[in-house]
Every structure is written in C-alpha cells, then in structure tokens.
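Let's take a walk through a protein chain together.

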Amino acid sequence: MSSPTDAEQGDPIPPDTPDVDRDDLINGLLYVHGRLNMNARYALQAHAWLMGLIEVLDERGLVDKQKIEEKAKPLAAGLSKHFMQEGNGVFLQEPNIDKYSYEGLPQIDCESRVHLCKASCCRLQFAMSKQDVEEGIVRWELRQPYLIAVNENGYCTHLKEGTCHCTIYENRPGACRIFDCRNDKRIWLDFDKREINPRLNEPGWPGNVDLEA
Ligand code: SF4
Ligand code: SF4
C-alpha cells in the first residue's frame with residue numbers, strides 16, 4: 001500500500017515534532033484497553049454459563065431454547081453495534097504478527113496509478129496490531145482505539161497529501177504491507193485495464209460499494 005516518501009528518498013521533510021507525553025499516554029491506554037478486553041472476556045464467560053443453563057433447562061423442557069434464541073439474536077446485534085459505535089470496543093489486529101517479517105509483498109507501481117486511484121488504499125480504515133501501538137509511530141484514533149487515524153478527508157494521517165507517499169513507510173502497519181488493491185473491487189473494477197470503481201469518488205466510500213453486487 002502506497003510508496004516511500006521523498007523523506008526516505010533523501011528529501012529533507014521535517015519529522016513529526018516529538019511529544020514527550022505520548023509514550024506514557026500510549027502505555028496507559030494500552031493498559032486500560034487491556035483491562036477492558038479482560039472484562040469483555042469475563043462477560044463472555046458469563047454468557048457461556050447462561051447459555052449452558054438455558055441448554056440444561058431446555059433439555060428438561062422447562063424453557064423453549066429456540067424462542068429465546070429468536071429474541072436474543074437481534075438484541076445481541078443491536079447491542080454489539082451500539083457498543084462499538086460508542087467507542088467501548090477495542091479494535092486490535094489478531095494475530096499480532098511481526099510486520100517486519102512479511103515477505104513477498106505485492107509490488108504495485110503506485111506512481112503511475114495514483115491519478116486514478118487517488119491513493120484510496122489509504123482511506124481504508126483498519127485495526128492496528130499491538131506491535132504498532134507499542135512502537136508508537138503509527139497514529140491511531142483516540143476515540144476508536146486502535147483504528148488507524150484519519151484526517152477530515154478520510155485519509156490516513158501518514159499519507160503525504162495529494163500523493164501516494166507514506167511518511168512512515170518503513171514502519172507502516174502490517175495491513176498496509178500485505179494489502180493488494182489489484183483484486184479489491186472497491187478500488188479497481190479492472191486493475192489491468194486501469195478501470196477504477198467510479199463509486200470511489202462518491203461520499204461514503206467504501207461503505208457505498210456493495211461487494212455482493
Ligand atoms: S490503491 Fe493501489 S495503486 Fe493506488 S496507491 Fe494504493 S496500492 Fe497504489
Ligand atoms: S500508514 Fe497510512 S499512509 Fe502509510 S501505507 Fe498505511 S494507510 Fe497508507
């Protein structure tokens with residue numbers, strides 16, 4: 001996904017101003033989110049016990065398990081959506097693979113295509129890995145940990161505006177390394193023919209693209 005910046009190629013672009021409190025903040029949030037995940041695990045265990053209890057009662061003819069499931073499904077979906085929308089959930093990429101160990105990454109000539117694709121790969125928000133968070137280089141959304149941070153135009157904050165150059169290319173997340181736009185219909189209808197998905201230019205992309213269609 002995207003290419004190295006001029007900075008990596010020798011152009012003297014000043015690096016981000018270091019923030020002395022940033023490491024502490026990140027470590028603190030990692031702790032808080034770790035606790036949140038632990039609480040979620042306990043909630044899941046309680047859920048498993050409840051389900052087990054319903055199974056037993058159903059086997060004994062004391063409750064109608066099917067009816068309970070019918071009622072619970074939409075309720076669970078609604079609660080889960082609300083939970084994530086409220087920023088209570090933690091998005092973390094699993095498994096936490098060492099991003100520097102990836103080999104055979106896609107080789108794409110982004111420079112010759114960016115006028116068509118507008119570097120839209122860097123508008124696809126995704127969860128970072130624990131390695132990214134601990135490294136403290138890739139910025140993430142404080143309100144939606146640990147989705148990669150985007151600007152008001154929906155682009156990753158590490159993209160050099162108007163180009164396909166990643167300003168943290170050497171440290172970019174694993175998702176950026178392995179992403180292959182060639183078969184992503186949200187971007188290219190036909191990669192070889194350089195046919196872009198016209199919906200790319202609509203507001204609400206990529207949510208406006210129905211991949212089933
Ligand atoms: S969408 Fe594909 S061609 Fe365009 S910048 Fe991203 S990786 Fe390169
Ligand atoms: S870190 Fe951001 S700018 Fe760099 S490749 Fe990933 S999405 Fe694009």
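This is a predicted model: local features need pLDDT of at least 70, side-chain atom pairs count only at pLDDT 80 or more; totals for chains, interfaces and linings use all residues.

The mean pLDDT of the chain is 85, and 86% of the residues reach 70 or more. One stretch to treat with care is residues 6–15, where pLDDT stays under 50; for these residues the model has 9 contacts beyond four places in sequence.

Now for the overall plan. Of the 213 residues, 17% are buried. Look also at contacts between residues at least 6 apart in sequence: 63% of them join residues at least 24 apart.

Next, find helix H1, which covers residues 22–59. Its 38 residues reach 55 Å from the first C-alpha to the last, close to the 56 Å expected at 1.5 Å a residue. How many of its residues are buried? The count is 0, and H1 is hardly covered. Just after H1 comes Gly-61, with a positive phi of about 75°.

Let's turn to the inside. In soluble globular proteins, nonpolar side chains tend to be buried together. Here the largest nonpolar core has 19 residues, and those touching the most other members are Ala-119, Cys-121, Met-128 and Trp-140. Pick out Met-128 and look past its neighbours within four places in sequence: its contacts include Gln-93, Val-138, Trp-140, Ile-148 and Pro-173.

Pro-145 sits in the loop between helix H4 (130–135) and strand E2 (165–166). Is Pro-145 buried or exposed? Pro-145 counts as buried because it has 21 C-beta neighbours inside 10 Å, and the cut-off for being buried is 20 or more. Leu-92 lies 53 residues away from Pro-145 along the chain, yet their C-alpha atoms are separated by 7.9 Å.

Finally, visit the two ligands. Around ligand 1 there are 13 residues, and Cys-110, Cys-117, Cys-121, Cys-164 and Cys-181 come nearest. This shell divides into 10 nonpolar, 2 polar and 1 charged. Cys-121, one of these nearest residues, is one you have already met in the core. Ligand 2 has 11 residues around it, of which Cys-122, Cys-156, Leu-159, Cys-166 and Cys-176 come nearest. Its shell holds 8 nonpolar, 2 polar and 1 charged.

Methods
Residues are numbered from 1 along each chain as its sequence is written. Chains are lettered from A and ligands numbered from 1 in the order in which they are written. pLDDT is the predictor's confidence in each residue, from 0 to 100. Two residues are in contact if their C-beta atoms, placed from the backbone, lie within 7 Å. Helices (H or I, at least four residues) and strands (E, at least two) are DSSP runs, numbered from the N terminus. The expected span of a helix is 1.5 Å times one less than its number of residues. A residue is buried if 20 or more other C-beta atoms lie within 10 Å of its own, exposed if 12 or fewer, and partly exposed in between; C-beta atoms are placed from the backbone. A residue is near a molecule or strand if its C-beta atom, placed from the backbone, lies within 6 Å of it. Ala, Val, Leu, Ile, Met, Phe, Trp, Tyr, Cys and Pro count as nonpolar, Asp, Glu, Lys and Arg as charged, and the others, Gly among them, as polar. A nonpolar core is a set of buried Ala, Val, Leu, Ile, Met, Phe, Trp, Tyr and Cys residues joined through C-beta atoms within 7 Å.
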